[in-house]
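Dear colleague,

Please find below the structure that I am handing over to you. A short account of the findings comes after it.

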Amino acid sequence: MSAAAFSPSPALPAPAGAPRSVVVVGAGPAGLTAAVELAERDVRVTVLEARERVGGRTRGIEVAPGRWIDAGAAYLGDRHTELHALLAACDLKTAPTEMTGAARFALGADGGAAATVEGRFPPLNAVALGDLFEQLEELAATVRPDAPWLTPDAERLDALTAADWAERQLPHPDARLFFPLFLGEMMAADPAKVSVLHMAFYLRSGGGLRYLNAFAGGAQQDRVAGGAHRLSERLARRLLAAGGVLRTAEPVLSVEQSDGEVTVRTPEGSYRAEAAVVAVPPLLADAIEYRPGLPVRRAGARTGRGCAVKLHLVFPEPVWRAHGLSGWSVNAAGPLLSTVDDTPPEGSPGVLTGFVTGAEAHRFAALPPAEQRAAAVAQARRLFPLLPEPVAFHVTDWVNEPWSRGCYAALFGPGDWSALGPTLTAPHGRVRFAGTETSTAFFGLLEGAVRSGRRVAAELLGD
Amino acid sequence: MSLDTPAVPPATTAPPALSGPELLDSLTAVFRRVLELAEVPADGNFFLLGGDSLVATRVLSAVARTHGVELTFDEFLADPTPAGLAARVTAVAAAR
């Protein structure tokens, strides 16, 4: 379907076989994309959202009047075509990410002194890192991108963890040091908690190592002007304009099917429709009670939470730029395993975003707020010695967020792809599943979420 | 590479460096592979052809594996073309 087909123009009626009413569970980008496509084709749509806001794993923070930064998903690239089309159809613009100047790297064993290096290349043995990337690229190339569980040798790749793999395959200490930092950045994963198959799939699904890692020319080329959360806000507005209903603060408890209809229950009431779309992350989809029960669960015992805590240190100006620094850093010790300049396009206030990922995210999330702030500010000022005390400090703990249970995306542990993969997009009677984790293209990204919403709407409309 | 194969063997056990046109062909093939391009000229600049520092390390890994020469990232930056890299590999191999 073209972008033009998904514009707020007067709607075609839904085809005869389509359900006349649909309940959508989850008002993130996936659920709202599906909801709007259905509502604009004259389907009666009710969206139920557990939180008091829309947006799911996107959320905006207003750092100055009218200036927003992203506490959750933020970036997109040219290959994210469905997201670009949807943003355009919602009258939203993108702004390029900026990355000029030198990077800082604190990669010593003690996490101590930092080195200043032009570009983004860490001061480690280049041949050893190249060996790591050659092996990862080769692994990613073996994956069946549309059906990772059918990859040759899938059983073995799904049984091993990424940490097991690194232990066997990475003889050089620099590669061993960099690998968990890289995996943390790419997929917010602790290597001990994801299967090799999931790692290889994720890298392949996102467009390969270079594309996933790059800012200009890659998956971090642009941001949504005004914040990625605005996409869900605009979609919610379109849903209401098309006669849809959005009910927030209503967590779904159960989804029951009988006599040709679906009943979705929340603490506030029950909602009947001819079909339902469950568009929440796998761990949350699995926590809903289904009657009749699911033949295959939505998450396994080893399905993990994406381990990301996002920090924002706000300063009057991005002072690092005046000293020739980009704000980019990669560090062996936490909490700030990497930092990036997220100053709004207007140029102020200066925003340094810190990523606390992998195992470090769990440790940091357990600290009292005052200790979180003290540790993050002290490390930022070691990396960028001219920084003043921040005027604001924000912690967004996605790991323990009850209505996300992790971010960027669910982490498939050993055995998960073999068990869950074949039914990832399979309907359960009148219930269908969406969400970025149901998209084999751009899994875990905003683009995957939008694609999953469009897929499920197209299935229901019989397109 | 299967999971059971050992990691890249130490560079000293790699075959001796090729020379002249064979070396240039070999390095051009590495550029083509990692840049996913059908054609790369001998004077093609790696970064203008879409390469970045991450992909550059893959070239250095391939050079170490195939030609037994470990170059640094800065050495690659000095002349990031197949011809420039061939000259560097030849010079390092000759100095041993």
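Predicted model: local features only at pLDDT ≥ 70, side-chain atom pairs only at ≥ 80, totals over all residues.

Within chain A, helix H3 (residues 126-142) and helix H7 (residues 196-205) have axes that come within 8 Å and cross at roughly 90 degrees. Because angles of 65 to 115 degrees count as roughly perpendicular, H3(A) is roughly perpendicular to H7(A). On the H3(A) side, the residues in contact are Leu136(A), Leu139(A), Ala140(A), Ala141(A) and Thr142(A), and they meet Val196(A), Met199(A), Ala200(A), Leu203(A) and Arg204(A) of H7(A). By class, this contact comprises 8 nonpolar, 1 polar and 1 charged residues.

Turning to the two chains, chain A and chain B each contribute 24 residues to their contact. Between them they bury about 2,000 Å², with 60% of that area on carbon and sulfur atoms. The residues of chain A that lose the most area to chain B are Phe121(A), Val127(A) and Glu134(A), which together account for 31% of what that side buries.

The interface also holds 4 salt bridges. One of the salt bridges joins Arg58(B) to Glu137(A), whose closest N and O atoms are 3.4 Å apart.

Which helix gives the most to the side of chain A that touches chain B? H3(A) does, with 10 residues. The residues of that side divide into 12 nonpolar, 5 polar and 7 charged.

Yours sincerely

How values were computed:
Residues numbered from 1 in each chain as written. Chains lettered and ligands numbered in written order. Heavy atoms only, no water. Axes fitted to C-alpha atoms, helices over the stretch in contact; angles between N-to-C directions. Helix = DSSP H or I, 4+ residues; strand = E, 2+ residues; numbered from the N terminus. Parallel < 35°, antiparallel > 145°, perpendicular 65-115°, else oblique. Contact = heavy atoms within 4.5 Å. Nonpolar A, V, L, I, M, F, W, Y, C, P; charged D, E, K, R; others polar. Buried area = accessible area lost by both parts, 1.4 Å probe. Salt bridge = Lys/Arg side-chain N within 4 Å of Asp/Glu carboxyl O.
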